[in-house]
Amino acid sequence: MSDQVVIGLIQAKNDVHGDEPVEVHKETAIEKHIKLVKEAKEKGAQMVCLQEIFYGPYFCTEQSTKWYDAAEEIPNGPTTKLFQELAKELGIVIILPIYEREGIATYYNTAAVIDADGSYLGKYRKTHIPHVGVEAKGCGFWEKYYFKPGNLGYQVFDTAFAKVGVYICYDRHFPEGARLLGLRGAEIVFNPSATVAGLSEYLWKLEQPAHAVANGYYLGAINRVGVEAPWNMGEFYGQSYLVDPRGEFVSTGTRDKDEVIIGIMDKKMIREVRDTWQFYRDRRPETYEEMTALLP
């Protein structure tokens, strides 16, 4: 297996007004993203990650039962099965972030991991769930209305091309899970997101490169683009990127365009960085016991 793996990150604008039915959103976005995944393959991508809940708007801007209808089972739902077929056809790994329903009415913010032969490897459920208002007309990141906190832990998936970890959006503000993914052998961590200009934009290119450096892996950060009506909460500012274990940006997307960002992951660099810094050797877990006991 080659040390070099071609990574594709897909950022895109939602093209449908939020007042339209859920089915219209999903059909339009899925058609669009299939084309973008195929474009990534044409550009050489072996592993492709889509943005957070890729098949519609960032509906957590409002609190409405309408959007519960967007949720699907994983892996038995139609979107996962469709992208399993696509992964097999193209021979690529796909990280597929969708809205998951378990049982009758339990909901999670989830990413399915699909291997290059189309097999379903498992899923990650977003662990840290925000519930924060913004200044725009009562809008917010009202995610506790839609999602339960993830309960599957921080898994690493052994794909055809690399060992993969997944974090989702707000998770990026928490270093603990990022470290666990590294300890479990992740060579690359993908963070599909939906984040707007304002409060945390300055952290976008600060926190995740820090995770990559502290843990000696590549990190692919994905953000959607555009302003979504009717909420107009703010600008999703794109700038998806791949960063290496030295904290250097391999490739970065534009702020406002649908785009396939392509970057090369070099496993040799991961080994070199870990051999040089030895953060895993020098960590002192016996001194961290209070971390889970202390309250804010």
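Colleague: Ground rules before we start?

Modeller: This is a predicted model, so to speak of local features we need pLDDT of at least 70, side-chain atom pairs count only at pLDDT 80 or more, and totals for chains, interfaces and linings use all residues. Residues are numbered from 1 along each chain as its sequence is written, and side-chain values use heavy atoms, with hydrogens and water left out.

Colleague: Which peptide bond into Pro75 do we have, cis or trans?

Modeller: Cis: the bond from Ile74 to Pro75 has omega near 15 degrees. Pro75 sits in the loop between β2 (47-49) and α2 (78-90). Helices here are DSSP runs of H or I with at least four residues, strands are runs of E with at least two, and both are numbered from the N terminus.

Colleague: And what joins Ala229 and Pro230?

Modeller: A cis peptide bond, with omega about 10 degrees. Pro230 is in the loop between β12 (225-226) and β13 (236-237).

Colleague: What about positive phi? Where is Asn232, for instance?

Modeller: Asn232 is in the loop between β12 and β13. Its phi is positive, about 50 degrees, although Asn232 is not a glycine. Asn232 counts as partly exposed, at 39% relative accessibility. The scale is buried under 20% relative accessible area, exposed over 50% and partly exposed in between, using a 1.4 Å probe and protein chains only.

Colleague: Is Gln239 buried or exposed?

Modeller: Buried, with a relative accessible area of 15%. Gln239 also has a positive phi, about 55 degrees, without being a glycine, and lies in the loop between β13 and β14 (241-243).

Colleague: OK, switching to rings. How many aromatic pairs are there?

Modeller: The count comes to 23 aromatic pairs. Rings of Phe, Tyr and Trp (its six-membered ring) pair if their centres lie within 6.5 Å; planes under 30 degrees apart are stacked, over 60 edge-to-face, and the rest tilted. One of them is Phe59 with Tyr99, a tilted pair at 5.3 Å centre to centre with 40 degrees between the planes. That pair links distant parts of the chain: Phe59 is in the loop between β2 and α2, Tyr99 is in strand β3 (residues 93-102), and they are 40 residues apart.

Colleague: How buried are Phe59 and Tyr99?

Modeller: Phe59 has a relative accessible area of 2%, and Tyr99 has 0%. Phe59 also pairs with Tyr146: the ring centres are 5.0 Å apart and the planes are at 65 degrees, so that pair is edge-to-face. Tyr146 comes from the loop between β7 (140-142) and β8 (156-158), 87 residues away from Phe59, and is buried at 2%.

Colleague: Which aromatic cluster is Phe59 in?

Modeller: One that also holds Trp67, Tyr68, Tyr99, Tyr107, Tyr145, Tyr146, Phe147 and Trp231.

Colleague: Tell me about Trp67, then. What does its side chain make a polar contact with?

Modeller: The side chain of Glu62, at 2.8 Å. A polar contact is a pair of N or O atoms within 3.5 Å; within protein, one must be able to donate a hydrogen and the other to accept it, and residues adjacent in sequence count only if both atoms are side-chain atoms. Trp67 lies in the loop between β2 and α2 and is buried, at 1% relative accessibility. Leaving aside residues up to four places away in sequence, Trp67 touches residues including Gly18, Val22, His25 and Trp231, where contact means heavy atoms within 4.5 Å.

Colleague: Last topic: what is the strand order in the open sheet?

Modeller: The order of the 6 strands is β8-β9-β10-β11-β14-β15, with mixed pairing. Two strands pair if DSSP finds at least two bridges between them. The edge strands are β8 and β15 (249-252), each pairing on one side only.

Colleague: How do β8 and β9 pair?

Modeller: In the antiparallel sense, over 3 bridges, with β9 covering residues 163-166. The bridge partner of Asp158 in β9 is Lys163.
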